[in-house]
Amino acid sequence: MKNAKTWDLDRLVRPNIQALTPYSSARSEFTGGAEVFLDANENPFETGLNRYPDPLQRAIKERLAALKGVSPEQIFLGNGSDEAIDLLVRIFCEPREDHILILPPTYGMYRVAADIAAVDIREVSLTPDYQPAVSAILDAANAHSKLLFVCSPNNPTGNLVDPNRLRDLLTAFPGIVVVDEAYIDFADAATCLPWLAEFPNLVVLQTFSKAWGLAGIRLGMAFASPEIIALFNKVKPPYNINQLTQEAALTALTAPERMLEMRDQLLSEKERLATRLATLSIVRRVHPSAANFLLVQVDDPNGLYRFLVGRGIIVRNRANVHLCDGSLRITVGRPDENELLWTALLEWPGVMQQAN
Ligand SMILES: *Cc1c(COP(=O)(O)O)cnc(C)c1O
């Protein structure tokens, strides 16, 4: 348990955000039921979308809260997780004074969000087996270390972060620890959502973009203490989640078993693809993956990347990324797509298939 006396959220928040008077929208000032709404300068004629959406997305949060075992006050919804990442930087980091910590190789948006806000970035490399180097991270941290981004399962490496290391970081890191669980639905491991009860400095990010199959609606989730969620609500654009997105999310949440079906099919496709890839002479290593993609180290990654592009198959070239030397990141597709990839790979000049 983090000592509530030594934990001081106010110390971490930028003074201008503390002092901010948020925009008060018509829909947040009057929230009751009524017959006639003449408060928001909307067009009254029914188009299906003529009214502003619920600024706090209460219907979605109610269902999500039940599904995730948290309370609605512990949920923020953003225009993708990317909005949550951006808001975290803007809530906590004073430009040119504070910094964030990131653990490369990892997701690129943490850096971009900090760069846009003119917030410094301290990098502490993952270990060669892609785990956080806990003591190096704590050595790099000081009172200006407002955010530490830990991605688990990590993009692009695919592995889960060791929960004991995560707990050590949550206990000792002086700022907020953001655990990005964009791929957690694919992982055979527990989310750290239950740790919210224990760690007031924990923010967990999840998304509708991956397992839920809804990247197009742009909907990301942040889970944290009600105090941190209140800060998100203070700075977010009033109607950041549009009506169409809210409706699509509610529909998806009505049938979560559809997500589980897609997930199970992708997981079995991943196993099949990983096994096949390991038989190819050009494949040096298929990294174990808890996500819906495989990081694969190959001979001549740039040549293979271009060859696949020529066949109309696009994978992600990570050959020049720190600790990912010579690797391609391959998203697991539908069975027919994975078959096309496999056929193409067998036609790559010089490839040989070896007994497994
Ligand atoms: C895909 C991904 C996300 C999702 O971002 P959205 O803005 O919600 O689409 C977040 N974090 C990581 C590490 C990802 O790979």
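## Interface between the domains

Across the interface of domain 1 and domain 2 the rule finds zero salt bridges, a salt bridge being a side-chain nitrogen of Lys or Arg within 4 Å of a carboxyl oxygen of Asp or Glu. The model is predicted: local features need pLDDT of at least 70, side-chain atom pairs count only at pLDDT 80 or more, and totals for chains, interfaces and linings use all residues. Residues are numbered from 1 along each chain as its sequence is written, and side-chain values use heavy atoms, with hydrogens and water left out.

The domain assignment, automatic or from a database, gives domain 1 (9-254) and domain 2 (257-346). Their contact (heavy atoms within 4.5 Å) takes 20 residues from domain 1 and 19 residues from domain 2. By class, the domain 1 side has twelve nonpolar, seven polar and one charged residues.

## Buried area

About 1600 Å² is buried between domain 1 and domain 2, and carbon and sulfur atoms give 66% of this area. Buried area is the accessible area (1.4 Å probe) that two parts lose on being put together, summed over both. Y130, P156 and F186 supply 37% of what domain 1 buries against domain 2, more than any other three residues.

## Contacts of L202

Which residues does L202 contact, leaving aside its neighbours within four places in sequence? They are L170, V177, V179, C192, W195, L196, F223 and A224.

Definitions and conventions. Ala, Val, Leu, Ile, Met, Phe, Trp, Tyr, Cys and Pro count as nonpolar, Asp, Glu, Lys and Arg as charged, and the others, Gly among them, as polar.
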